[in-house]
Structures are given as structure tokens and as C-alpha cells.
Amino acid sequence: MSRRSSKVYKNAFKNYQDVEKATVSGRETEARVLTQAAIKLQVCQKNWQDGIFEELDTALKYNQKIWSIFQSELIKNDNPLPTEIKRDLLKLAGFIDRRIFETMSSPSPEKLDIIIKINQNIAAGLRGPA
């Protein structure tokens, strides 16, 4: 592939991403990101070995970033969610934070199970009924 063709494809892909950002709802974006986070952790579990720690660190930090963003959105005064739901999600985010730090300090594939399940369940809830 020529440099010019490569540039055209990159520009086309960027344009597609820009359109996607403008047309996808916040809930759909959150669901997609949580699903990607779960998949990253599942890949680490599946390929668990001594050399997986760089990928594990990347996957855990990705999850941590997502949940930090959720936390910052939940504490905003203009967040429209009911107080009880915000409180429950903040508790869940705190649990995720603790599990991520536990896994970073003492890695084991089983510790990823609950983070994966929570991400998948929240993503399914954000997508709504099938």
C-alpha cells in the first residue's frame, strides 16, 4: 500500500470515528467502553503466564481510568441520576478500585472475574432490554 493510500485510509477512519462520536449516545459509548475493558481483562486471563504482566497492567489501568471517569461524573451536582443510584455506583466504583489495586499488588487470574462480570453487567444494563 502506498503512503498516499495509507493516508487516505487513516483519514477515512478518523472521519468515521468523528461521525460515530457525534451519533452514538453516551450510554452506548459507556457500554462499549466497559465491554472493551472486560475483553482486555478476559484476554489477560486466557493468556495468563509469567510474561502477561505488561498487558495486565495496561488492562487494569484502562479499567481504572474508566471507573475514575464514572466517579467524577457521578459526583457532579448536575448529574441527573437519583441519589441512591449514584451512591450505589460510587460504592461499586470503590470496590472496583480496591480489586484493581489488590490485583496489581498480588496478580492472579481469579481476581479479574468480578471486575469482568461487573463491567459486562453494567454494559448490558446501559444497552437496555434486547
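Which residue forms a salt bridge with R99, and how far apart are the closest N and O atoms? R99 pairs with E102, and the closest N and O atoms are 3.3 Å apart. A salt bridge here is a side-chain nitrogen of Lys or Arg within 4 Å of a carboxyl oxygen of Asp or Glu.

Before going on, a word on where this comes from. This is a predicted model, where local features need pLDDT of at least 70 and side-chain atom pairs count only at pLDDT 80 or more, while totals for chains, interfaces and linings use all residues. Residues are numbered from 1 along each chain as its sequence is written, and side-chain values use heavy atoms, with hydrogens and water left out.

## The overall picture

The protein chain has 5 helices and 0 strands, so helices and strands need a quick definition: they are DSSP runs (helices are H or I, at least four residues; strands are E, at least two), numbered from the N terminus. Going along the sequence, the pattern reads α-α-α-α-α.

Of the 130 residues in the protein chain, 25% are buried. Buried means under 20% relative accessible area, exposed means over 50%, and partly exposed is in between (1.4 Å probe, protein chains only). The protein chain exposes about 9100 Å², and carbon and sulfur atoms supply 55% of that. Those areas come from the Shrake-Rupley method with a 1.4 Å probe; for residues, only the protein chains shown count as cover.

What about contacts? Contact means heavy atoms within 4.5 Å. Take the contacts in the protein chain with a separation of 6 or more: residues 24 or more positions apart account for 65% of them.

## Salt bridges

By the rule above, the count comes to 3 salt bridges. Here they are side by side.

| Salt bridge | N to O distance |
|---|---|
| K61 and D57 | 3.1 Å |
| K76 and E73 | 3.0 Å |
| R99 and E102 | 3.3 Å |

Back to the opening pair for a moment. R99 and E102 are 3 residues apart in helix α4 (residues 83-105), so about one helical turn separates them. E102 counts as partly exposed, at 39% relative accessibility.

K76 is partly exposed at 39% relative accessibility, and E73 is partly exposed with a relative accessible area of 37%.

## Aromatic rings

A pair of aromatic rings is described by the distance of the centres and the angle of the planes. Rings of Phe, Tyr and Trp (its six-membered ring) pair if their centres lie within 6.5 Å; planes under 30 degrees apart count as stacked, over 60 as edge-to-face and the rest as tilted. The count comes to 2 aromatic pairs by this rule.

One of them is W48 with F53: the ring centres are 5.9 Å apart and the planes are at 85 degrees, so this pair is edge-to-face. W48 is partly exposed, with a relative accessible area of 26%, and F53 is partly exposed at 36%.

W67 and F70 also form an edge-to-face pair, with 5.3 Å from centre to centre and 85 degrees between the planes. Both lie in helix α3 (residues 53-74), 3 residues apart, about one turn of the helix. W67 is buried, with a relative accessible area of 2%, and F70 is buried at 15%.

There's a charge to mention as well: K40 lies over the face of Y62, at 4.9 Å from the ring centre. A charge sits over a ring if NZ of Lys or CZ of Arg is within 6 Å of the ring centre and within 35 degrees of the ring normal.

## Two residues to look up

S108 is buried, with a relative accessible area of 17%. Leaving aside neighbours within four places in sequence, S108 is in contact with W48 and T103.

Then find I122 in helix α5. I122 is partly exposed, with a relative accessible area of 22%. Which residues does I122 contact, leaving aside its neighbours within four places in sequence? They are L34, W67, L89 and L92. I122 and L34 are 88 residues apart along the chain, and their C-alpha atoms are separated by 7.6 Å.
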